[in-house]
Amino acid sequence: MAVPEGATAEIRGRRRAIAVVIGIVFVDLLGFGVVIPILPYYVRSFAVSDAVIGLLAASYSLMQFLAAPTLGRLSDERGRRPVILLSLVGSTVAWTVFGVAGEVGAIAGTAAGLAALFSSRMLAGAMGGNIAAANAYIADVTPAERRAGALGLLGASFSLGFIFGPALGGLAASDAVVRAADAVLPDLVPTTQYSLPSFLAAGLSLVALVLALRFLKEPDRLRGAGERRTLIDTFRDALADSSLRGLVIAFFLFSLAFSGVQVMFIPFAADVYGYDATQVALFLSYLGVLGAVNQGVLVGRLSRVVRPARLAVVGAALLASALAMLPFSPELGRLLLPWVDLVAPELAWLLVAGAVLSLGNGLLGVSLSTLVSTGASDERQGSAFGVTQGAGSLGRTVGPPLMGVLYVATYWSPFVVGALVVLPVLGLLAQRAR
């Protein structure tokens with residue numbers, strides 16, 4: 001049966017809108033990934049304790065937690081496009097200030113330099129709340145039965161940003177690039193291994209802003225009534241809503257477990273496997289590629305035959321299993337994969353655990369977002385995504401410091417505790433699936 005011309009034009013317009021917002025998020029996240037390789041070393045250049053690294057990471061997530069519900073509500077009231085544009089302007093400013101923090105410290109003292117560093121990260125965190133608007137935008141232009149696949153593509157853009165961003169950041173921080181930039185840029189522009197990746201991140205956010213101004217259109221949708229709520233009121237309302245209460249708790253626990261383990265995996269790989277930064281980066285790229293495939297292809301196809309609640313249950317079970325077996329990968333590899341010749345059994349099991357981790361994370365993350373979207377009314381998509389993203393940001397604020405303390409006590413405890421934290425999520429989702 002032929003598809004009416006009007007319907008064909010609508011489908012093309014929907015696909016174009018999805019491609020535009022995914023492209024903008026990818027470019028913006030690419031800039032975020034650029035600074036990952038330099039951030040710990042940048043902090044150490046101020047001759048302060050490594051504890052500041054954790055505080056800097058927490059400041060980003062804390063501001064995202066505070067800002068995400070507000071930006072989500074504003075996107076319901078004022079529109080998705082203005083919120084996304086505002087956040088990209090803020091990100092451009094934040095990364096620029098981040099790049100000059102070292103110069104501020106050299107001129108005005110360490111305290112002033114750290115103040116610039118923290119201010120820029122806090123602004124970037126607040127502007128990072130735009131992901132709620134991007135999720136809501138996808139929900140606005142996508143039918144409910146196709147929403148999991150579209151949100152999976154948005155998740156895949158995250159994975160791709162974290163694959164290519166650190167590589168670009170490492171290149172921008174290389175001695176050859178720093179020397180070349182120093183030769184061609186005016187003396188007014190600081191050219192160091194820390195400033196150049198920061199300016200590259202600012203440039204990428206600026207590119208995303210230009211793309212949004214040129215191609216991003218406001219979707220047709222119902223507008224919210226514009227009721228004013230405080231942050232506490234927003235979370236209280238969400239926890240009182242039976243369709244969102246479990247999802248808010250699930251996002252918090254999921255983010256707490258996964259973010260804490262993310263932070264502690266690099267010390268684990270160095271201490272247990274003896275990996276250097278290059279080897280860890282290769283493994284993280286492996287996870288990024290798997291994440292892009294899982295979220296961009298596999299989740300969308302599975303969602304056509306399996307309900308999101310059931311996919312979320314499977315994802316939570318896989319994630320908990322992967323976290324529990326990850327710290328014991330050397331022993332499990334020698335016990336279960338002694339016949340592997342291509343790579344060492346210890347590495348083989350680490351690759352298996354990483355694949356299960358990536359699949360569980362993809363299924364759970366995308367399915368939770370889909371459940372949020374289908375559980376909220378059309379005029380409150382932004383608010384719903386804002387409050388759940390805020391809960392996730394709060395988890396990412398608590399998780400890294402907590403897991404860091406556990407790692408100092410016993411190297412395997414962050415992973416096992418992370419698995420235990422995911423178990424209540426599994427219970428909540430299993431009840432919802434029934």
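This is a short talk about one protein chain, going from the whole fold to a few single residues.

Let me begin with where the picture comes from: the model is predicted, so local features need pLDDT of at least 70 and side-chain atom pairs count only at pLDDT 80 or more, while totals for chains, interfaces and linings use all residues. Residues are numbered from 1 along each chain as its sequence is written, and side-chain values use heavy atoms, with hydrogens and water left out.

First, the whole chain. The protein chain has 17 helices and zero strands, where helices (H or I, at least four residues) and strands (E, at least two) are DSSP runs numbered from the N terminus. Of its 434 residues, 51% are buried; buried means under 20% relative accessible area, exposed means over 50%, and partly exposed lies in between, with a 1.4 Å probe and protein chains only. The accessible surface of the protein chain is about 19,200 Å², and 67% of that belongs to carbon and sulfur atoms; such areas come from the Shrake-Rupley method with a 1.4 Å probe, and for residues only the protein chains shown count as cover. If we take contacts between residues at least 6 apart in sequence, 83% of them join residues at least 24 apart, a contact being heavy atoms within 4.5 Å.

Now to helix α12, which covers residues 277–303 and holds V293. V293 itself counts as partly exposed, because its relative accessibility is 47%.

L284 lies in helix α12 as well, and L284 counts as partly exposed because its relative accessibility is 38%. Leaving out residues up to four places away in sequence, L284 touches F265 and I266. The C-alpha atoms of L284 and I266 are 9.4 Å apart in space, and the two residues are 18 apart in sequence.

Which residues does S358 contact, beyond its neighbours within four places in sequence? They are L287, L290, G291 and N294. S358 sits in helix α15 and is buried, because its relative accessible area is 8%. A polar atom of the S358 side chain lies 3.3 Å from the backbone nitrogen of G291; a polar contact is a pair of N or O atoms within 3.5 Å, where, within protein, one must be able to donate a hydrogen and the other to accept it, and residues adjacent in sequence count only if both atoms are side-chain atoms.

T397 is found in helix α16, residues 381–409, and counts as buried because its relative accessibility is 14%. Besides L62, T397 touches A58 and S61, not counting residues up to four places away in sequence.

Let us turn to charges. How many salt bridges are there? The count comes to one, with a salt bridge defined as a side-chain nitrogen of Lys or Arg within 4 Å of a carboxyl oxygen of Asp or Glu. E346 forms a salt bridge with R334, and their closest N and O atoms are 3.1 Å apart. The pair links E346 in helix α15 (residues 345–375) with R334 in helix α14, 12 residues apart. Both ends are partly exposed, because the relative accessible area is 21% for E346 and 46% for R334.

Staying with helix α14, residues 329–336, its buried residues are S329, P330 and G333. They lie on the same side of α14, because they cover an arc of only 100° around the axis, the arc being that of the directions from the helix axis to the C-beta atoms.

Finally, a loop residue. A47 is placed in the loop between α2 (39–44) and α3 (51–78), and A47 is exposed because its relative accessible area is 70%. A47 has a positive phi of about 55° although it is not a glycine. As background, most residues other than glycine have a negative phi, and most peptide bonds are trans.
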